[in-house]
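Dear colleague,

Please find below the structure that I am handing over to you. My notes on it follow directly after it.

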Amino acid sequence: MAGEGVTVELGAFEQEALIHGFSKSASAGLNATLNRLSKWLVAAVFGIIFLWRHDAGALWAVSGSILNAGLSTVLKRILNQERPVSTIRSDPGMPSSHAQSIFYIVMFCIVSMVEYFGLNGITAVIGALIFAVGSYLSWLRVSQQLHTTSQVAVGAALGCSFSVFWFWLWDAIVLDAFISLLWFRILVVLGTATICVSFLLYVIRYWVLEKN
């Protein structure tokens, strides 16, 4: 009887370990998949909000998003800090371009929502959820060993800061000129179109056609 009890306990322990291992493996697989899809998810959300707003402010935000990504690339080359596992990606890791782009869009979403609906309990909760989702998608870069925590934190801070600056620039300077000057409106539209086409070519080359 004692032997049977030990056998049952060992079987239960092995079954529990198997379930735990399967759960951990499934969670790791989900994180890896979400990490690969994160740039597409963020781009889709940004596109939806742009179509929802479909105004000059949204056009300005799109150009800012692309310039923010360009700033991240420039800073990477200047700082030239290695990733935690250099064999996964050979390019520098400081700051995390994913985190910088994600938090630029996080701030854009929150500012747009507050601008349209005001600051109240509902928008505060939704804003906190948006921030939490952005933090999770950025943390995936650490969990997949593509960036260190500091690289992600710096990227997130830069993305938030650039987003706030870009919207301040629109409200403080650009908006009045955009409304009153025809040539300035044309310049902004043509400049944004050029930036968007350049980014589209980048997406096709490095996102769609990338092997990894």
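Tyr116 sits in helix H3, which covers residues 97-117. Helices here are DSSP runs of H or I with at least four residues, strands are runs of E with at least two, and both are numbered from the N terminus. The model is a predicted one, in which local features need pLDDT of at least 70 and side-chain atom pairs count only at pLDDT 80 or more, while totals for chains, interfaces and linings use all residues. Residues are numbered from 1 along each chain as its sequence is written, and side-chain values use heavy atoms, with hydrogens and water left out.

With a relative accessibility of 41%, Tyr116 is classed as partly exposed; the class lies between buried (under 20% relative accessible area) and exposed (over 50%), with a 1.4 Å probe and protein chains only. Together with Trp52 and Phe117, Tyr116 makes a nonpolar surface patch of about 350 Å². Patches consist of residues with over 30% relative accessible area and no salt bridge; like charges are joined within 9 Å, and nonpolar side chains (Val, Leu, Ile, Met, Phe, Trp, Tyr) within 5 Å. A salt bridge is a side-chain nitrogen of Lys or Arg within 4 Å of a carboxyl oxygen of Asp or Glu.

Val111 is also placed in helix H3 and is partly exposed, at 30% relative accessible area. Its C-alpha lies 8.9 Å from that of Gly127, at a sequence separation of 16 residues.

**Overall picture**

The protein has 6 helices and 0 strands. Of its 212 residues, 33% are buried. Among contacts (heavy atoms within 4.5 Å) between residues at least 6 apart in sequence, 75% join residues at least 24 apart.

The expected span is 1.5 Å times one less than the number of residues. Buried residues of H2 include Trp60, Ile66, Asn68, Ser72 and Lys76. Asn80, which follows H2, has a positive phi near 50 degrees.

H4 (residues 121-143) has 23 residues and reaches 32 Å between its first and last C-alpha, close to the expected 33 Å. At its start, a side-chain oxygen of Asn120 comes to within 3.0 Å of the backbone nitrogen of Ile122. Gly127 and Arg141 are among the buried residues of H4. After H4 comes Gln145, with a positive phi near 60 degrees.

**Two buried serines**

Ser96 is in the loop between H2 and H3 and is buried, with a relative accessible area of 0%. Leaving aside residues up to four places away in sequence, Ser96 touches Ser72, Arg141, His147, Gln151, Val152 and Gly155.

Ser163 belongs to helix H5, residues 149-180, and is buried at 1% relative accessibility. With residues up to four places away in sequence left out, Ser163 touches Tyr104, Met107 and Phe108. The side chain of Ser163 also reaches the backbone oxygen of Tyr104 at 3.2 Å.

With kind regards

How values were computed. Accessible areas come from the Shrake-Rupley method with a 1.4 Å probe; for residues, only the protein chains shown count as cover. A polar contact is a pair of N or O atoms within 3.5 Å; within protein, one must be able to donate a hydrogen and the other to accept it, and residues adjacent in sequence count only if both atoms are side-chain atoms.
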